Amino acid sequence: MSDGTGTTTADLDIRLEKHRVELTGYCYRMLGSSFEAEDAVQDTMVRAWRSYEKFEGRSSLRSWLYRIATNVCLDMLTAGNKRARPMDLSESTPLAQAALAPRPDNTWLEPMPDNRVLPTTDDPAEAAVAKESVRLAFMAALQQLPSKQRAVLILREVLAWRASEVAELLDTSVASVNSALQRARATLAERDEKAAHAAVSDPLDEDQQKLLDRYVAAFEGYDMTALTTLLHEDAVMTMPPFDLWLTGHDDITGFMTTLGAACEGSRLVPVQVNGLPGFAQYKPDPEQGGYTPWAVQVLEISDGRLTGFHFFLDTKRWFPLFGLPLHLEAEPDQVQEGV
């Protein structure tokens, strides 16, 4: 069946779908939410489908889709909600005062599987920029920008669009685009001075991989002495949807052996998340046996130590998003031992 322009329904579906991953990455950077990003892309595809007959080819299909996606995101951002990490909203809490107080879902910057937002590329430099641009610290910084500055920065700095292309997309002038980019860069530079960055190689270098292997052994063995040796002295631990966050290996390991003691005996399954190494954490399931989902962990590494690990606890949302099972069976030797 044709849409009247000579393009069949099947052809148009294929042409639109080719852009889904990169558009999801763009909307995710704009919105800071995994699910809102996918909703925005679906809305973009529906709008493109409905108005394709009016698309006169004056720009590329890709540019046209980005224009639609930008408008969708700007509409969604009119409420002014800025998603954040716990450390963006409050001071660190000493372990002695730790309390688990949740905030609404729309408060938090959300994790995202790499394969949903990072298109396949043969260019290592392009891949590195793309990964860096979805890391949690950069994503959190983006959320502090006004929505149009955010769009300009992403299009210019991440996607390498020319100023004239961005101006056309936003129906504004090149001078306005350059001014917005300058202001956005200044805001991010100010945040850079206060923030530690994840210095993760792509792919992981040998030392980083060894660090992760030691982390898995320490966490699964719940060996706090071993874990302490892997953590930077100013390491940060967060647990959305709770606003509590902890700083320093003493408070982190202290939490894990008190309020977090139920995590002992957990199993970790590697995931690729936000351009960083991560794990799906399953903790022992006393009712059914085996293991039940507990968190998606996102790890930040710098100078040979873990500088941050972030536990996203809403497993009913995150595990299906990552294509993860909602139960792990115990290994045979554990069943025999009655674990």
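## Arg83 and its surroundings

In this predicted model, the side chain of Arg83 comes to 3.2 Å from the backbone oxygen of Asp105. Arg83 also makes a polar contact of 3.1 Å with the side chain of Glu36. The residue belongs to the loop that links helix H4 (61-76) to helix H5 (86-89).

Although Arg83 sits in a loop, its relative accessible area is 4%. Because the limit for a buried residue is under 20%, Arg83 counts as buried. Beyond its close sequence neighbours, up to four places away, Arg83 touches residues that include Leu31, Gly32 and Ser33, as well as Asn106, Thr107, Trp108, Leu109, Glu110 and Gln143.

## Glu22 in helix H2

Glu22 is part of helix H2, which covers residues 20-31. With a relative accessible area of 17%, Glu22 is buried. Apart from neighbours within four places in sequence, Glu22 is in contact with Arg62, Tyr66 and Pro119. Between Glu22 and Ala40 there are 18 residues of separation in sequence and 13 Å in space, taken from C-alpha to C-alpha.

## Helix H9

Helix H9 consists of 12 residues, 147-158. At 1.5 Å a residue, this helix should span 16 Å, and the distance between its end C-alpha atoms is 16 Å, which agrees. Just after H9, Ala160 has a positive phi of about 60 degrees.

The buried residues of H9 are Gln149, Arg150, Ala151, Val152, Leu153, Ile154, Leu155 and Val158. They pack against H2 and H4, and also against helix H7 (124-132), helix H8 (136-142), helix H10 (163-169) and helix H11 (174-192).

## The nonpolar core

The largest nonpolar core contains 100 residues. Within this core, the residues with the most contacts are Met30, Tyr215, Met237, Met256, Phe309 and Phe311. Helix H4 supplies the largest share, with 9 residues.

Setting aside neighbours within four places, Tyr215 is in contact with Leu227, Leu230, Leu268, Phe279, Gln297, Leu299, Leu306, Phe309 and Phe311.

## The six-stranded sheet

An open sheet is formed by 6 strands in the order S2-S1-S6-S5-S4-S3, with mixed pairing. Strand S2 (242-247) and strand S3 (267-273) stand at the edges; each has a single partner strand, so one side of each lacks a neighbour in the sheet. From one strand to the next, the twist averages 20 degrees. Helix H14 (residues 249-256) packs on the sheet and touches S1, S2 and S6. The direction of H14 makes about 45 degrees with that of S1.

In general, the strands of a sheet pair through backbone hydrogen bonds, in either a parallel or an antiparallel manner. In this model, strand S1 (residues 231-239) pairs with strand S6 (residues 305-312) in the parallel sense over 4 bridges. Strand S5 (residues 291-302) and S6, by contrast, run antiparallel and are joined by 7 bridges.

How many residues of S6 are buried? The number is 7 of its 8 residues, and the strand is therefore mostly covered. Leu306 of S6 stands opposite Leu231, and Ile301 also stands opposite Leu306. Gly308 in S6 is the bridge partner of Val236. The hairpin of S5 and S6 has 2 residues between the strands, and in this hairpin Asp303 takes a positive phi near 55 degrees.

Most residues other than glycine have a negative phi, and most peptide bonds are trans. Against this background, a few places in the model deserve attention.

Tyr222 is not a glycine, yet has a positive phi of about 50 degrees. Tyr222 lies in the loop between helix H12 (206-220) and helix H13 (224-230), and with a relative accessible area of 11% it is buried. Asn274, likewise not a glycine, has a positive phi of about 50 degrees. Asn274 is placed in the loop between S3 and strand S4 (276-284), and counts as buried at 1% relative accessibility. The peptide bond from Pro240 to Pro241 is cis, with omega near 15 degrees. Pro241 is located in the loop between S1 and S2.

Note on methods:
Residues are numbered from 1 along each chain as its sequence is written. This is a predicted model: local features need pLDDT of at least 70, side-chain atom pairs count only at pLDDT 80 or more; totals for chains, interfaces and linings use all residues. Side-chain values use heavy atoms; hydrogens and water are left out. Buried means under 20% relative accessible area, exposed over 50%, partly exposed in between (1.4 Å probe, protein chains only). A polar contact is a pair of N or O atoms within 3.5 Å; within protein, one must be able to donate a hydrogen and the other to accept it, and residues adjacent in sequence count only if both atoms are side-chain atoms. Contact means heavy atoms within 4.5 Å. A nonpolar core is a set of buried Ala, Val, Leu, Ile, Met, Phe, Trp, Tyr and Cys residues joined through side-chain atoms within 4.5 Å. Two strands pair if DSSP finds at least two bridges between them. Axes are lines fitted to C-alpha atoms, for helices over the stretch in contact, and angles run from 0 to 180 degrees between N-to-C directions. The expected span of a helix is 1.5 Å times one less than its number of residues.
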